[in-house]
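Good morning, and thank you for coming. Please look at the structure on the screen while I take you through a few of its features.

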Amino acid sequence: SEIVPSRWSGLCRRLSPPAGQGSVGDCPLPLVRALSERRGHRFGDSKLPFAAATLVGMQLSSRQRKWLVVLAPAVIVLCVSLFRKDRGIDIDEVYWVGSTYYYHLLAHERDVNHPDWQLLPARENPPIGRYLMGLYLNLFGRCIGTPDLMASFYLNFDPEKGHWGSGPAYDKRHAVAMRATAETAAAMKENGRLPADRSAIRIVRTMVVLCAMCCAVIIGLIGCRCGSRPAGLLAGSICAVHPVMVHAYGLALIDMIALLFACLTVLLYMSAFDERRGVRRRFDWRSVLLALGIGGSLACACGAKMNSLVVAAVGVCLGVWAVAGQAHRRRVAHREAAIVLAGGGILSFVFFVVPNPTLYPAFFNGLVALFREHALTAGIQETFVRGALHTIPTRLAFLGQTLVASPLIMAAVAGMAGFQAWCCLNDMPGGRARQGLAIVVCWWWVAFVLLLAWVPFAWGRYALPLLPATCLIVGKTCDDLVRYARARWGTAPDSEPLS
């Protein structure tokens, strides 16, 4: 006999399916089926599962699923940031917020010949990310108009213990420290307290959280372009709660801004390889806008932090792929993709160089300094900071431990990336999804190889360039396994357009 609790009886009569339009046994929610049978109700006979399924919305429409992929990761980032415990001010926040002084020099003073453009902070890091921070501060009526805060960062380190290095390295850091006011220098010498502008740091932190929300959304959209909305949702959600990313968007640091534009650049790479663009057989204004978008996004990524050169290397690999595809198959889409990528690369270099007054006096030496100063600083830091990495095995262990909790699991992720590459070579999936997945696989391998060759210290932020691609590979593989299991032992998921 049918068992329906009394409190459900009236609701079930109102929500029961009309006669002749299928039984409740066809309900697409396996969780409701399992819970119903566990409580002793036969799923095919009872009206309770249909009522419960109706209450939770049955199946979402295609548009609702797309909005879920877009909004869910952003909401997760927002919730984590709201409930995250404030651990005080990090010393690196003082450096980056203080470095927005260069936005003041460029936008307010309009002085590209000021001697401060040749100080170490301007020469070892490109300025575009700091311009964005300064612009955001300016929107709230704040501006760092003196180098005092930036200079206090160097005063925090003791030169007598070798923290400033020796010779030219010491002179460079001493020149920055001397830009601090006498009051700041005295306060630092007496009690070691930083003159941190807490309100400015809190404002920049809100900007970083907004960048993290946008970044999580873009990761979800990249997953959708790989042919799987569940993979996009899973990848965006994993990124949103990953400890490395939570640390990055919990502080007023530059890393999240760089990661946002790096992910946006990869998404634009996918648009460059869209097969539907080849139907027009001409290079029109849409391709011009796409090249401008790639150039601007890549310049912002590398102009925020130089480790975003990972996505520039991905663009080079994709350009070679496009040229090879054009030569082998003579596809119009590959030809246009090669032109767009080449144009975007040239524009990104222009956008990277023009806003950097440090390069004006000596262009070549300024470019070399962006790489050399980092190496020199790393050499000084090794004398008093733990965690230096000198070999590939130690870097591999660090990436595995930081991203997926174990080097063995990292090896499994590499196997997943290899499997997805095999799927791409065998046209699984097809069309846009295959191209999107191939770009993600290329992104993962390029980032993995470059980080193995470069990571100087076992600091979590150095693993960030590999995190989005890792989450996408894991999400896509998990979705493939679920689809295989449902096709093998259950009902296959309904096919649906992914764009």
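I begin with a term: a residue is called buried at under 20% relative accessible area, exposed at over 50%, and partly exposed in between, using a 1.4 Å probe and protein chains only. Residues are numbered from 1 along each chain as its sequence is written.

The predictor's confidence in each residue is its pLDDT, from 0 to 100. For this chain the mean pLDDT is 82, and 79% of the residues reach 70 or more. Residues 1-58 have a pLDDT below 50, and this stretch makes 55 contacts in the model beyond near neighbours in sequence; a contact means heavy atoms within 4.5 Å. Residues 494-499 are also below 50, with eleven such contacts. Where pLDDT is low, the predicted coordinates should not be read in detail.

I turn now to charged pairs. Side chains of opposite charge can pair when their charged atoms come close. A salt bridge is counted when a side-chain nitrogen of Lys or Arg lies within 4 Å of a carboxyl oxygen of Asp or Glu. How many salt bridges does this rule give? The count is eight.

One of them joins Arg-205 and Glu-93, with N to O at 2.7 Å. This pair links distant parts of the chain, since Arg-205 is in helix H12 (residues 198-225) and Glu-93 is in helix H5, 112 residues apart. Helices here are DSSP runs of H or I with at least four residues, numbered from the N terminus. Is Glu-93 buried or exposed? Glu-93 counts as buried because its relative accessibility is 0%. Arg-205, at 13%, counts as buried too.

Another salt bridge brings together Lys-305 and Asp-255, whose closest N and O atoms are 2.5 Å apart. Lys-305 sits in the loop between helix H16 (285-304) and helix H17 (309-329), whereas Asp-255 belongs to helix H15 (residues 255-272), 50 residues apart. Both residues are buried. Through shared partners, salt bridges also join Asp-86, Glu-93 and Arg-205 into one network.

Asp-92 and Arg-461 form a further salt bridge, at 3.6 Å from N to O. Asp-92 lies in helix H5 (residues 91-98) and Arg-461 in the loop between helix H22 (431-454) and helix H23 (467-489), 369 residues apart. Asp-92 counts as partly exposed because its relative accessibility is 22%, and Arg-461 is likewise partly exposed at 25%.

Finally, the interior. A nonpolar core is a set of buried Ala, Val, Leu, Ile, Met, Phe, Trp, Tyr and Cys residues joined through side-chain atoms within 4.5 Å. The largest such core has 133 residues, and those with the most contacts inside it are Ile-222, Met-256, Trp-443, Trp-444 and Leu-466. Helix H12 gives the largest share of this core, 16 residues. Which residues does Trp-444 contact, leaving aside neighbours within four places in sequence? Its partners are Met-410, Val-413, Ala-414, Ala-417, Leu-466, Ala-469, Thr-470 and Ile-473.

Notes
Predicted model: local features only at pLDDT ≥ 70, side-chain atom pairs only at ≥ 80, totals over all residues. Heavy atoms only, no water. Helix = DSSP H or I, 4+ residues; strand = E, 2+ residues; numbered from the N terminus.
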